[in-house]
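Open the model in your viewer and keep the sequence panel beside it. This tour goes from the whole chain to its parts.

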Amino acid sequence: MTSSPESGWAVPADADSPHEGGFRARMDITTDRGGPRYGEFSEEIRRLMDLARYACPTPEITDELIDQVRALNKRLEDVQIDEWRSPAGTRIDLPARGNITLPPYEISEGGPDGVVASVTFRPFHLGGNDAAHGGHVAVAFDDLGGMASALAVQGITRTAYLTVSYRSLTPLRTPLRMHTWVENLDGRKAFVKGTLHDGDRLCADLDALFIALKPGQP
Ligand SMILES: CCCCCCCCCC(=O)SCCNC(=O)CCNC(=O)[C@H](O)C(C)(C)COP(=O)(O)OP(=O)(O)OC[C@H]1O[C@@H](n2cnc3c(N)ncnc32)[C@H](O)[C@@H]1OP(=O)(O)O
């Protein structure tokens, strides 16, 4: 078992792990894990986060909610699995590969010219004054910048640096256009640029370096 002493949370270690360096040496992709309604489950979890972010329950309702969320967590504890086989991150048929920790996005283009996606920051991605938190904007750039670099090097990359310039407020609940592309490929180094637009308005742009991992590199 791999465990986190702070929370007592543990996931079963995979005796036959496909992890041989990088994020995932063998991409074990399937759209079956979690079942046909896994996308609905992810969406309900996001909705839970949205509602919790803006909720102001009475003490009695907080007591009730704790019991209900504990029961839900208990149910999820029973079906824990290692990161390499969890649907979250491998369900390529779902927004953001089914990864509920990412701002949900849907890719419309992905290839040598980069990646174009529609990203929607949810109410729970609030930074302040109804605008997205800058950290969540960086998360979206990291993932889609990582995808553009992975496509360019045809392998796994890791972020060496990532600079986001915030040009105007990024709205919540609005489909936004994110474009990431490799400006320059120099050996293992992929210099990536990116933009995030709300219609014609530039919300943020990206300047990042991703490094292609060597075989076996963690
Ligand atoms: C399809 C699926 C898509 C999924 C996308 C998911 C994307 C998510 C991406 C991430 O979030 S990754 C997590 C955040 N990143 C990290 O945790 C990385 C931590 N750092 C490292 O692991 C290593 O430092 C790193 C792999 C980035 C580089 O180490 P290496 O030992 O492989 O490279 P090395 O130090 O030999 O440097 C290689 C080249 O890069 C240059 N370099 C490395 N780090 C740099 C840096 N920070 N700034 C500028 N240049 C840098 C370095 O100077 C050198 O240049 P030259 O080849 O010209 O000599």
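How many of the 218 residues of the protein chain, as a percentage, count as buried? The share is 25%; buried means that 20 or more other C-beta atoms, placed from the backbone, lie within 10 Å of the residue's own. This is a predicted model: local features need pLDDT of at least 70, side-chain atom pairs count only at pLDDT 80 or more, and totals for chains, interfaces and linings use all residues. Residues are numbered from 1 along each chain as its sequence is written.

**Whole chain.** Colour by secondary structure. The protein chain has three helices and 10 strands. Helices (H or I, at least four residues) and strands (E, at least two) are DSSP runs, numbered from the N terminus. Along the sequence, the pattern reads β-β-α-α-β-β-β-β-α-β-β-β-β. Among contacts with a separation of 6 or more, 62% join residues 24 or more positions apart. A contact puts two C-beta atoms, placed from the backbone, within 7 Å.

**Two domains.** Select 30-92 as domain 1, then 102-212 as domain 2. These bounds come from an automatic or database domain assignment. Their centres, taken over C-alpha atoms, are 25 Å apart. Five residues from domain 1 and four residues from domain 2 make the contact.

**The annotated stretch.** Now select 132-201. UniProt, in an unreviewed entry, places "domain: Thioesterase" here; such annotations may be inferred rather than shown by experiment. The stretch is 29% helix and 47% strand, and its end C-alpha atoms lie 15 Å apart.

**The core.** Show Leu 144, Ala 148, Met 178 and Val 192. Of the 32 residues in the largest nonpolar core, these touch the most other members. Such a core is a set of buried Ala, Val, Leu, Ile, Met, Phe, Trp, Tyr and Cys residues joined through C-beta atoms within 7 Å. α3 gives the most, with nine residues. Centre on Val 192. Its contacts include Ala 148, Trp 181, Leu 206 and Phe 210.

**Around the ligand.** Which residues come nearest to the ligand? Of the 15 around it, they are Gly 146, Met 147, Arg 158, Thr 159 and Ala 160. Near means a C-beta atom, placed from the backbone, within 6 Å. α3 (134-153), β7 (157-166) and β10 (201-212) each give two or more residues to this shell. The largest share, five residues, comes from α3. By class, the shell holds six nonpolar, four polar and five charged residues. Ala, Val, Leu, Ile, Met, Phe, Trp, Tyr, Cys and Pro count as nonpolar, Asp, Glu, Lys and Arg as charged, and the others, Gly among them, as polar.

Note on methods. Buried ≥ 20, exposed ≤ 12 C-beta atoms within 10 Å, placed from the backbone. Lists of a residue's contacts leave out its neighbours within four places in sequence.
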